[in-house]
Amino acid sequence: LLTEPVPSGYRSIAQDPRPARWLLLVMRADVPPTTRLAARHALGHGVNRAEVARALSREAAEFGAWIEGATTFDFPRLDPQAIESWRERGKLGRSFHVVMTYDDNGPAAEVARALQGEWSAHAIYVELNPLVGAKRQAQMLGGQNQLALVDVQDLTTTPSALAAYVMPLRGPAVGAVRTGWRTREFDPWMAPSRRTPAWDPANVQRRFEDDRVVLPLARLRWSWVERADGPITPFHPHFGPECPSPSVPR
């Protein structure tokens, strides 16, 4: 409904969350063919960011850095020649197929088909797997889908939030989605000690740019519509608009 004009007597409100909330494309590093760096780069060069922003309408906000304190994120440009080059380097054939899961009730549903159409124009065939509830959670944290389109808001702004994007040495994934990415580079900040090196957001973001396991598509805002002559809806920076729940008689 946020893509529609606001009717007379109502107003549209948008607020920035804190910590930031993101729409992320996760390309699983533990499920073929996205185990290959070439496949992840080819997929990245098939994303049309302008179309993503258009589909999200008022929910999307401009962003520079993804990791707070870094410079502007080096997002891969939409480039058919780069897709072909990476496909040849990775020996992926003239086309390849992947499955993408997402929350059918969330902002990911607004952009999933646009992404699918853009990829198909470059011989990358993405099967959509929209889910809700417990099934969605199970597929996000496990399953065999190569791609996951997910909106994520970190619980903290500290470097320990990196744990949501790296597989631990033992046990299941931490956070809202499984990346399958196993690297120990971020251990000093995820488990700080007295010998922890200085926080280096620029190099951390560069690692994400190089490996392309997680690609930030948009920074999301909390958006809602309320009556122009009604009370102002209270807003919580983490949980969004605090809409009153109607009482239900017993």
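**Close-up views of a predicted model**

The lining of the largest pocket divides into 11 nonpolar, three polar and four charged residues. The structure shown throughout is a predicted model.

**View A. Largest pocket of the predicted model.** The pocket holds about 400 Å³ of space. Its lining counts 18 residues. Nearest the centre lie Trp 66, Ile 67, Glu 68, Asp 154 and Thr 157.

**View B. Second largest pocket.** About 340 Å³ of space lies here. The lining is made up of 15 residues. Val 152, Gln 153, Asp 154, Leu 155 and Ala 176 are the closest to the centre. By class, eight lining residues are nonpolar, four polar and three charged. Strand 6 (residues 147-153) gives the largest share of this lining, with three residues.

View C. Strand 2 spans residues 21-27. Seven of its seven residues are buried, so the strand is largely enclosed by the rest of the structure.

**View D. Strand 2 paired with strand 6.** The two strands run antiparallel and are joined by seven bridges. Trp 22 has Val 152 of strand 6 as its bridge partner.

**View E. Strand 2 paired with strand 7.** Strand 7 covers residues 214-220. Six bridges join it to strand 2, again in antiparallel fashion. Here Leu 23 has Ala 218 of strand 7 as its bridge partner.

Note on methods:
Residues numbered from 1 in each chain as written. Predicted model: local features only at pLDDT ≥ 70, side-chain atom pairs only at ≥ 80, totals over all residues. Heavy atoms only, no water. 1 Å grid on protein atoms, 1.4 Å probe; cavity = no way out; pocket = protein on both sides within 12 Å on 5 of 7 lines; lining within 4 Å. Points joined across faces, edges and corners; volume = space filled by probe spheres on them. Nonpolar A, V, L, I, M, F, W, Y, C, P; charged D, E, K, R; others polar. Helix = DSSP H or I, 4+ residues; strand = E, 2+ residues; numbered from the N terminus. Buried < 20%, exposed > 50% of the residue type's maximum accessible area, 1.4 Å probe, protein only. Pairing = 2+ DSSP bridges.
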